[in-house]
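This briefing sets out computed features of one protein chain, grouped by topic. Please consult the sequence and the structure while reading.

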Amino acid sequence: MRRCRTQVHAIPVALVALAGVLTGCTTPPPAAAQGAGGSAGERIAVTVHEGTEMAAALSPDKRTIVIDLQGTLFTLPAAGGAATRITDEYNDARQPSWSPDGRTIAFQGYRDGTWRVWTVAPDGSGLKSITSGPFDDREPIWSPDGRTIAFSSDRSGNYDIWTLDVASGQVRQLTTNPANEFFPTWSPDGREIAFVSNRTPSPGVYATTLDGHERLLAEERGSVGAPSWRPDGQQVLYSVIPGSGVAPAGEPALMLGSIRLASGEDYFPFRAQWLSPTEFLYTADGKIKRRSVDGGAAPATIDFSATLDVTVPHYPRKARDFDSTAPQLVKGLIRPTMTGDQKQLAFAALGDVYTMPVGGKPVQVTNDAAVDLDPAWSPDGTKLAFSSDRAGSEDIYIRDLKAGTDRRLTSMPDSERSAVWSPDGQSIAFVSYLDFYQGEVYVVAAAGGTPRKVVDRSFGPGIPSWTGDGRSIVAATLKHYSSRFREGMNYYLIVPIAGGEPKLVMPNEHEPTGNRSTSGPVLSPDGRQLAFVRNGRLFVMPTTAAGEPAGAARPLTSELADEISWAGPNHLLYIATDRLKLVSTADGSARDVPVDLMFRRHNPSGRIVVHAGRLVDGRSETARTDVDIVIEGHRIRSVEPHSASLHAGRVVDATGLSVMPGLIEAHGHVLKDQGTLFGRALLAYGVTAVRSPGNVPYDALEEREAVESGRRPGPRLFMAGYLTDGWRPYYPIASPMIDESTVDAELDRAKRLDYDLLKTYVRLPDLLQKHAIEGAHRIGIPVTSHEIYPAALSGVDSVEHTGATSRRGYSPKQSGTGRAYEDLIQIIARSGMTITPTAALGGYQAAVAVDASLLADPRFQKLQPSWVRNPANGRRGAAPGSDPQALAQFARRAGPTLMALLRAGVPVLAGTDTPLVPYGLSLHAELAADVAAGYTPFQALQTATVHTAKLLNADRDLGTIEPGKLADLVIVEGNPLANIADAMKVRAVIKNGEMFPMEVLLDGTGAENPSTAR
């Protein structure tokens, strides 16, 4: 049995100060003073009558209801009417509970970046947090005597039920099962607490006494809502959605014990409120409802209205330059590394590996069409290990620098990267990536042989490093706070290469040790120091010979650091935003290491005339016939009726075909592990531009620069860098923000690296998101996030996903059955936001479930990542096993939301979250799903063309086929305005005025006239 932990653990002071909390208890300024909008713009009051995933609590005197509409608490008369806001918009206040005397409302709040139990008076006064520490405390409920609050918390390593003595502040753990227990509810006599548990083999609703005696009340599989005891204490009422995953199957139901009380409604997973022994309140279908346990009569609706303010942002937008061919400094340096004597530098850029004498000029080591990455010096400086996809996928090669020869070291089916030599130069450790950042660490003899796995599959093992004695490997790892939610903290493992259990090392509990990608942890060559980035800054820590901490970590830099590596035992090389620097660990002195490597944007010359049988121009709902599109260089010169006199120059005969604008993928992430497949697959499906809202910044820069220079075929890239997240990260592409200064540093990086957008992520507190939005707008770039409110009040530009990850455990944009309500529609429509649903209707999985022949397409077989092509071993290509009936049911439920957004005038964008789903194919599945929901093919195509181009401030250049626009065209069979499936029947692509026939993309030979310009 685990011990109850009641002590207060360390938490970043800046997060505490964010809410004005130093003791875990505070009274912020009045709500009216804090409700001001964030970004400059037009503030609009939006009155709504429905709430998505909204909880309601009834006061003890049965006269007042409090609701948590979009994270703000409102009160209203129990009979219905206008609601009054009692908290400001930046608490993310959820799941309120009245004290028995009616004087206090408890709720879970996220104001400072951690879920805590908060209380407030019904008039909005006395707001304070009453729990503290680094753990998440959720779902508070008052005991009948008002002395205790039960809540769920991850304080014990998973979610358990805890109690808080209100007078003393002491907490006590009640449940200890290894599973997750949550949604506590007191029995009327205060002797038991009912809760939901996902334990096996019998998940469902349980009850525990205060001394730990448990009993099963109802076994349920699926998504079980919070229970509520009937006033006589004999039964519990709860909701359940059968099934799980992307498309829960079965009909949601209200259960009273073993009795199926009702079905046919969209039940929200919160505690029902009892009006009497036979009548209760609950939330469903976006409404507050009342129903009798006797059945028969339909439920009554308690109507309400509530006002939420939104901000339509107005700010000068940055525009991309697509025309200049002036020299530009390369900023996308991949894994820069130095020899131990600090005389030679190696790095990857523009698809190739370079070396450079420090103080000299870069020398190109590789020069081919492959993507070459991750150079690593041998200890004696005579060889480089690096990754290359020249054989089809990224493998490890060794370059003998004196002989100028390459030797292939690995030939595994996945993507081998992040090579690092052992101290004696006899072995190489590397990561084999099986999936999106899912990797295994191997060791192989440098002379060749069979690689041996030393670290099992993990999410973001980073770049491994060796202990000084060569006996162990250090690899990054994520320690989850619970299995209920995926977020955790970045630490590291010490793994004996001869075998044995890995040891988890937490240098500072609740403080990150690197980001599990390019910012450490990494051991020095002598094994005496460990370097890593924490909250953007470079730290170094003394270590034992075994790699364990031997002292406190200390900061080396006050500027952002990334792509860190050792240059001998006492110096570190790192990228300081847009400069390469070398710092001494002895005295902290640093100097620049200039890298004079330039590139030019490759814009072709010459003239191409495309004779289109049908022109789908992106403006008209009908196709024009027999049209000539005249391209000069990289832009469209004219669009005219067909005439033989126009056919000077090269003619592309598309007489029996349709020509449409290049598609824009509105949500795809750059993954360097896939080499040229990323660009070729997207082009092969007609995608000529990608909006990428989250990446390792230097990976994305390398992709953008390689494509713009003509070195690599691929779509235009509109990029963000790291996800701007809170202090509990999940993705290796997340950068934790703990205060306004860390946000400001990230905004400075966005400006200096020329980001096109910023994405704030799910654990970022709302007040820091507001600060990020204001700062991003000052530098002219839009902001997107998973959040809907108060993001819309703060002036956010976009929202990603109708469902997907939410820090709450449920989405404020979509119910568990895929439905959304008036609040969502009006907030998005009135604020001017766009939304990218990303497989809102099951997308790729639904399409493949209906038509498995999509998997036989040569583009799928030749150009998709290995984990998509091979669904074995639990990899992400397993969509053919999806339940078509469940997917169809989910689509029917979710489809009306897309239509409501369309009717409200919301610009919906087509995006898919690649590479979590297949490149290109998933975008067409999204278009088909839109049409199935009720969009016309023309409206569906707009989601992947004009709408996204406008959001990117590129509508003067992209999205339609018109004179003056960039020459991004797709030649397809059929007529996509009549049948959206024809949009996927790509014969050839013209991107930036260069022709890519399908056979060229499939064979990987690049454009017909590839550039070799530097």
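Does D626 count as buried or as partly exposed, and at what relative accessibility? D626 counts as partly exposed because its relative accessibility is 39%. The model is a predicted one, and the points below proceed from the whole chain to individual residues.

**Overall form and composition**

- The protein chain contains 16 helices and 70 strands.
- For 1014 residues, a compact globule would have a radius of gyration near 31 Å, and the 29 Å of the protein chain agrees with this.
- Along the principal axes, the C-alpha atoms occupy a box of roughly 85 × 75 × 50 Å.
- Of the 1014 residues in the protein chain, 65% are buried.
- Among contacts with a separation of 6 or more, 57% are between residues 24 or more positions apart.

**Surface and charge**

- The protein chain has an accessible surface of about 33000 Å², and carbon and sulfur atoms contribute 50% of that area.
- There are 101 positive and 112 negative charges in the protein chain, and their mean positions lie 2 Å apart.

**Aromatic pairs**

- The structure holds 23 aromatic pairs.
- One of the pairs is formed by F386 and Y397, which is stacked because the ring centres are 5.9 Å apart and the planes meet at 20°, below the 30 degrees under which planes count as stacked.
- This pair links distant parts of the chain, with F386 in strand β35 (residues 383–388) and Y397, 11 residues away, in strand β36 (residues 395–400).
- F386 and Y397 are both buried.
- F430 and Y442 also form a stacked aromatic pair, with 5.7 Å from centre to centre and 10° between the planes.
- A cluster linked by ring pairs comprises F436, Y437, F459, Y730, Y731 and Y761.

- Helix α3 (residues 677–684) is mostly covered, as eight of its eight residues are buried.
- These buried residues are L677, F678, G679, R680, A681, L682, L683 and A684.
- The elements against which the buried residues of α3 pack include the helices α4 (697–708), α10 (858–863) and α16 (998–1003).
- The strands β60 (687–692), β69 (986–991) and β70 (994–997) are also among the elements against which the buried residues of α3 pack.

- A886 is located in helix α12 (residues 884–903).
- With a relative accessibility of 6%, A886 counts as buried.
- Between A886 and R752 there are 134 residues in sequence and 47 Å in space, taken from C-alpha to C-alpha.
- N953 is placed in the loop between α15 (946–951) and β68 (969–972).
- The relative accessible area of N953 is 14%, so N953 is buried, given that buried means under 20%.
- Apart from its neighbours within four places in sequence, N953 makes contact with R317, K318 and A319.
- N953 and H786 are 167 residues apart along the chain, and their C-alpha atoms are separated by 21 Å.

**Backbone geometry**

- T200 and P201 are joined by a cis peptide bond with omega of about 5°.
- P201 lies in the loop between β16 (192–197) and β17 (204–209).
- A cis peptide bond also joins G520 and P521, with omega of about 10°.
- The position of P521 is in the loop between β45 (503–505) and β46 (522–523).
- K62, a residue other than glycine, has a positive phi near 65°.
- K62 is in the loop between β2 (56–58) and β3 (64–67), and counts as partly exposed at 37% relative accessibility.
- D626 is not a glycine, yet its phi is positive at about 55°.
- D626 lies in strand β56 (residues 624–632), and its relative accessibility of 39% makes it partly exposed.

Terms used. Residues numbered from 1 in each chain as written. Predicted model: local features only at pLDDT ≥ 70, side-chain atom pairs only at ≥ 80, totals over all residues. Heavy atoms only, no water. Helix = DSSP H or I, 4+ residues; strand = E, 2+ residues; numbered from the N terminus. Rg over C-alpha atoms; globule rule 2.2 N^0.38 Å. Buried < 20%, exposed > 50% of the residue type's maximum accessible area, 1.4 Å probe, protein only. Contact = heavy atoms within 4.5 Å. Areas by Shrake-Rupley, 256 points an atom, 1.4 Å probe, with all protein chains shown as cover. Lys, Arg positive; Asp, Glu negative; His and termini not counted. Charge placed at Lys NZ, Arg CZ, Asp CG, Glu CD. Phe/Tyr/Trp six-rings, centres within 6.5 Å; stacked < 30°, edge-to-face > 60°.
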